[in-house]
Amino acid sequence: PTWQQQVLAKGWGYANLNTGSVQADCGAGLTSGIIGLVNKGQPRALDDWGALSAWGWGASRLLDYFETDKTVDARRVGVQGHSRSGKAALVAMAFDERFAIGYISSSGQGGAKLHRRKYGETIENVANSFYHWMAGNYLKYTARWDTMPVDSHELIALCAPRPVFLSAGNNPGPVNPDGTVPINDAWVDARGSFLAAFGAGPVYKLLGRKDLGTSEFPAIDTAIIDGDLGFRQHTAGHTAEPTWPTFIAFAERYFGAPKATASR
């Protein structure tokens with residue numbers, strides 16, 4: 001079943017956000033969308049927001065609507081995203097405390113992956129093709145990523161004490177019999193995301209919640225869902241699909257059975 005079918009089978013609902021309706025995913029769009037509207041069509045300053053923050057802002061506006069809809073329990077709304085949308089989902093959750101839970105999939109650089117770890121996707125990759133995702137000041141750290149004063153474990157910590165589940169794909173196996181190369185997601189640096197979640201653990205414990213419960217990077221396809229920080233790396237490459245059942249099991253601990261609604 002699709003993730004939508006899995007969610008509906010639990011009695012939960014879902015909504016899809018078209019991030020392009022909030023902010024275009026290109027540098028040429030920075031003078032339009034919500035960023036351009038705020039800047040009255042003028043170019044950004046170096047400390048102005050990028051597309052990831054704009055998309056997170058858009059998710060918050062969707063939550064504004066849910067708070068007016070009596071068929072939605074707005075206290076139990078989660079945010080999920082994969083790849084660049086995973087980056088934005090983590091930003092949305094960090095900046096808006098109303099989101100109850102997050103499923104952050106294969107978010108890579110600018111998401112849950114540690115910046116100060118030279119592996120896979122790097123600041124240089126983002127700066128080269130996706131500079132519009134971040135504030136202009138972010139580009140100052142190309143080739144000097146180890147001097148960045150903050151890192152992704154602090155972004156995850158901003159979500160505390162709310163539960164956050166991190167996922168990534170990989171495929172460490174040999175070349176397929178037909179000669180094709182297995183789908184690989186190593187560039188998103190699953191280990192870097194795990195280390196960031198571990199680094200956020202002290203803040204969760206400070207607030208009376210549970211951390212990952214381990215500092216040992218788990219074997220692939222091993223789920224860590226006993227604490228308020230969760231993690232799983234799967235073998236299917238750059239996709240969120242295989243880990244939806246694990247996330248749903250993680251989320252059930254917080255959402256449980258849906259509340260009864262008045263008959264109409």
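Strands β3 (residues 164-169) and β4 run parallel to each other and pair over six bridges. This is a predicted model, so take what follows as a tour of a prediction.

- Strand β4 covers residues 229-234, and it's mostly tucked away: six of its six residues are buried.
- Leu229, Phe231 and Gln233 point to one side of β4, while Gly230, Arg232 and His234 point to the other, and every one of them is buried.

**The largest cavity**

- Searching the whole structure for cavities of 30 Å³ or more turns up two.
- The largest cavity holds about 50 Å³ of space.
- Its lining includes Ile104, Ser106, Ser107, Gly108 and Ala112, along with Leu166, Ser167 and Ala168.
- Val188, Asp189, Ala190 and Ser193 also line this largest cavity.
- β3 and α7 (190-206) each put at least two residues into the lining of the largest cavity.
- The largest share of that lining, three residues, comes from β3.
- Sorted by class, the lining of the largest cavity comes to six nonpolar, five polar and one charged residues.

**The second largest cavity**

- The second largest cavity has a volume of about 40 Å³.
- Among the residues lining the second largest cavity are Gln109, Lys113, His115, Arg117 and Lys118.
- Glu121, Thr122, Ile123, Glu124 and Trp145 line the second largest cavity as well.
- By class, the lining of the second largest cavity splits into two nonpolar, three polar and five charged residues.

- Ser152 sits in helix α6, which spans residues 152-157.
- Ser152 has a relative accessible area of 1%, so it counts as buried, the cut-off being under 20%.
- A polar atom of the Ser152 side chain lies 3.2 Å from the backbone oxygen of Gly111.
- Setting aside neighbours within four places in sequence, Ser152 is in contact with Gly111, Ala112, Lys113, Leu114, His115 and Ala196.

Methods
Residues are numbered from 1 along each chain as its sequence is written. This is a predicted model: local features need pLDDT of at least 70, side-chain atom pairs count only at pLDDT 80 or more; totals for chains, interfaces and linings use all residues. Side-chain values use heavy atoms; hydrogens and water are left out. Buried means under 20% relative accessible area, exposed over 50%, partly exposed in between (1.4 Å probe, protein chains only). Helices (H or I, at least four residues) and strands (E, at least two) are DSSP runs, numbered from the N terminus. Two strands pair if DSSP finds at least two bridges between them. On a 1 Å grid over the protein atoms alone, a cavity is a set of points where a 1.4 Å probe fits but cannot get out, and a pocket is an open set with protein on both sides within 12 Å along at least five of seven lines; lining residues have an atom within 4 Å of a point. Grid points are joined across faces, edges and corners, and a volume is the space filled by probe spheres set on the points. Ala, Val, Leu, Ile, Met, Phe, Trp, Tyr, Cys and Pro count as nonpolar, Asp, Glu, Lys and Arg as charged, and the others, Gly among them, as polar. A polar contact is a pair of N or O atoms within 3.5 Å; within protein, one must be able to donate a hydrogen and the other to accept it, and residues adjacent in sequence count only if both atoms are side-chain atoms. Contact means heavy atoms within 4.5 Å.
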